[in-house]
Amino acid sequence: MNPAVGPNIKLECDAKRGATTMAKKSTPWSVEEVTTFLHYIADDKIQRELDGATRNIKVFQEVSTLMSTSGYSRTAVQCREKLKKMKGEYRLVKDNNNTRGASRKNWKWFDLMDSIYGHRPSSVGREGGLDLATASLHDDDIGNSMKKPTTSRASTSSISTAQTPARPQTQTPTRAQTPTPSASSTPLGKRKRGGEELALLERQLAQQKEHQEQKLAQQKEHQEQNLAEQREDRALQKEDRALQAQYMNQTMVEAREARVLEAALRREEMAHAESFNVSFLRTLCQVLGGTGSQRAPSPPPL
């Protein structure tokens with residue numbers, strides 16, 4: 001057997017098996033490692049590549065290379081999954097903090113993530129940008145609150161006009177009739193307060209409806225992003241399975257070639273050994289034959 005064939009195949013198999021095991025079993029990220037990772041993600045060049053890439057695994061391979069230069073060993077898949085989880089947490093915290101009446105959440109990576117994605121519009125690529133609706137929710141609320149008083153005054157005046165009863169016709173009461181209270185007997189102050197309360201209720205209902213529509217739009221956009229990420233994950237898994245199948249086929253071919261070479265070497269060694277044995281036996285027979293002829297007794301003299 002050739003001594004250089006077997007060990008090379010074993011070393012190559014061990015290296016590829018170690019890479020696969022490392023991709024599956026990820027060690028926890030340290031604080032310094034996450035800070036370095038976000039520093040590379042915030043780079044303008046990386047953001048532009050993420051914005052314009054549909055299959056962005058090459059971009060994360062570049063990030064993985066940058067991480068290795070800083071002394072951290074992370075694969076492209078690990079970098080991609082880490083950014084995906086951190087973006088999901090960032091969306092949850094930001095949506096919660098922009099929701100009225102909700103208790104504020106704190107996250108130690110929020111400031112760094114907000115400096116990267118807080119100013120980016122939703123029209124940017126899926127890995128590069130975040131929700132425009134989430135980022136501008138507070139500004140919309142301020143604009144709506146500034147516009148509401150004019151609308152409420154118009155609504156109040158229209159409702160007060162609509163609720164002002166027509167002047168009742170004067171009728172000559174008879175003795176048998178009992179005077180009944182009419183709408184004109186309601187004080188003007190009460191009618192005005194009722195119109196203001198109705199306008200306030202309408203404003204509250206409009207605000208609730210607007211908030212629900214914004215929340216539904218955000219949920220729909222998040223679902224679409226999750227579906228796109230799932231489709232890309234399935235495509236990456238399919239590509240990984242194809243690479244594994246190709247690697248297995250190549251390994252089987254190399255193992256078959258190694259067995260054929262080993263069998264040929266064994267046949268050659270057996271042929272050399274057989275030739276050596278035949279030559280040795282022939283030489284031994286010659287030596288033994290010459291010795292016997294020399295020791296044969298001479299015939300006695302007559």
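The pLDDT is the predictor's confidence in each residue, on a scale from 0 to 100. For the protein as a whole the mean pLDDT is 75, with 63% of the residues reaching 70 or more. Among the elements, the lowest mean pLDDT, 38, belongs to helix α7 (residues 132-135), whereas the highest, 94, belongs to helix α2 (residues 31-41). The pLDDT is also below 50 over residues 1-5, which have eight contacts beyond near neighbours in sequence. Where pLDDT is low, the predicted coordinates should not be read in detail.

Helix α3 (residues 44-52) has I46, Q47 and L50 as its buried residues. These residues cover an arc of only 100° around the axis, and they therefore lie on the same side of α3. The exposed residues D44, R48 and G52 are found on the other side of this helix. The cover over the buried residues of α3 includes α2, α4, α5 and α6 (110-117).

Two of these covering helices, α4 (residues 57-69) and α5 (residues 76-97), also pack against each other, at an angle of about 100° and with their axes 8 Å apart. Because angles of 65 to 115 degrees count as roughly perpendicular, α4 and α5 are described as roughly perpendicular to each other. In their contact, I57, F60, Q61, V63 and S64 of α4 meet A76, V77, C79, R80 and L83 of α5. The residues of this contact comprise seven nonpolar, two polar and one charged.

Technical notes
Residues numbered from 1 in each chain as written. Predicted model: local features only at pLDDT ≥ 70, side-chain atom pairs only at ≥ 80, totals over all residues. Heavy atoms only, no water. Axes fitted to C-alpha atoms, helices over the stretch in contact; angles between N-to-C directions. Helix = DSSP H or I, 4+ residues; strand = E, 2+ residues; numbered from the N terminus. Parallel < 35°, antiparallel > 145°, perpendicular 65-115°, else oblique. Contact = heavy atoms within 4.5 Å. Nonpolar A, V, L, I, M, F, W, Y, C, P; charged D, E, K, R; others polar. Buried < 20%, exposed > 50% of the residue type's maximum accessible area, 1.4 Å probe, protein only. Arc of directions from axis to C-beta.
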